[in-house]
Amino acid sequence: GLNRYDGYEFLIYKNDNTNSHSLSDNQINDLIEDSHGDIWIATWNGLNHYDRIKDRFTSFTPEERNPYSISNVIVNSVIEDGRGDLWIAVGEGAKGKGGLNFYDKKDKNFLHYLVGEDIISLHESRDGILWGGSNKNGLYKFNPETRTHVQYVSDKDNPASISDNSV
């Protein structure tokens with residue numbers, strides 16, 4: 001679950017299957033506060049947005065007939081880039097495709113990149129490039145402006161390649 005400390009005591013948020021506005025899963029993989037003060041939580045069962053005013057969560061999970069929903073329930077990491085955009089590292093699994101998801105805050109849509117990849121970590125370098133580590137297919141360098149990527153993989157015959165494909 002998620003623990004909130006107010007300086008005096010802890011308030012614990014947990015998944016409650018009878019409450020659609022509870023945390024979607026008790027396994028938290030990542031958590032950020034964005035530049036607007038919004039809290040985003042990556043879990044094994046979707047991405048959660050915490051509304052401080054209403055003291056409740058909105059969960060984002062795949063919707064079968066909505067191509068603009070998040071691509072899988074396994075959310076490994078979430079970052080806000082230097083432009084204020086939200087990027088989500090999504091794992092590969094039985095309930096959807098992994099990859100890199102972009103959340104369009106204005107339209108409330110998810111756009112999918114690196115589809116089918118099990119992205120487990122994200123980082124933005126100073127030049128605005130996103131780096132995504134995968135579970136078995138190496139490292140991805142993703143340019144958010146051009147929406148293009150380069151993949152780096154381990155090659156035992158090339159000592160200058162990355163050391164392993166799990167990054």
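On a 1 Å grid over the protein atoms alone, a cavity is a set of points where a 1.4 Å probe fits but cannot get out. A pocket is an open set with protein on both sides within 12 Å along at least five of seven lines, and lining residues have an atom within 4 Å of a point. Grid points are joined across faces, edges and corners; a volume is the space filled by probe spheres set on the points. By this rule there is one cavity of 30 Å³ or more.

This is a predicted model: local features need pLDDT of at least 70, side-chain atom pairs count only at pLDDT 80 or more, and totals for chains, interfaces and linings use all residues. Residues are numbered from 1 along each chain as its sequence is written, and side-chain values use heavy atoms, with hydrogens and water left out.

**Voids**

The largest cavity has a volume of about 40 Å³. Its lining is L100, L114, I119, L122, L130, W131, G132, Y140 and F142. Strands here are DSSP runs of E, at least two residues, numbered from the N terminus. β11 (119-124), β12 (130-134) and β13 (139-143) each supply at least two lining residues. β12 gives the most, with three.

The largest pocket holds about 160 Å³ of space. D38, W40, H49, T58, F60, Y103, K105 and K108 line this pocket.

For the classes, Ala, Val, Leu, Ile, Met, Phe, Trp, Tyr, Cys and Pro count as nonpolar, Asp, Glu, Lys and Arg as charged, and the others, Gly among them, as polar.

| Void | Nonpolar residues | Polar residues | Charged residues |
|---|---|---|---|
| Largest cavity | eight | one | none |

**Positive phi**

L114, from the cavity lining, has a positive phi of about 50° although it is not a glycine. L114 lies in the loop between β10 (109-113) and β11. Buried means under 20% relative accessible area, exposed over 50%, partly exposed in between (1.4 Å probe, protein chains only). At 12%, L114 counts as buried.

D55 is not a glycine either, yet has a positive phi of about 55°. D55 sits in the loop between β5 (46-51) and β6 (56-60). At 37% relative accessibility, D55 is partly exposed.

**S69**

S69 lies in the loop between β6 and β7 (75-80). Its relative accessible area is 6%, so S69 is buried. Beyond its neighbours within four places in sequence, S69 is in contact (heavy atoms within 4.5 Å) with T61, P62, E63, F110 and H112. A polar atom of the S69 side chain lies 2.9 Å from the backbone nitrogen of E63. A polar atom of that side chain also lies 3.0 Å from the backbone oxygen of N66.

Technical notes. Helices (H or I, at least four residues) and strands (E, at least two) are DSSP runs, numbered from the N terminus. A polar contact is a pair of N or O atoms within 3.5 Å; within protein, one must be able to donate a hydrogen and the other to accept it, and residues adjacent in sequence count only if both atoms are side-chain atoms.
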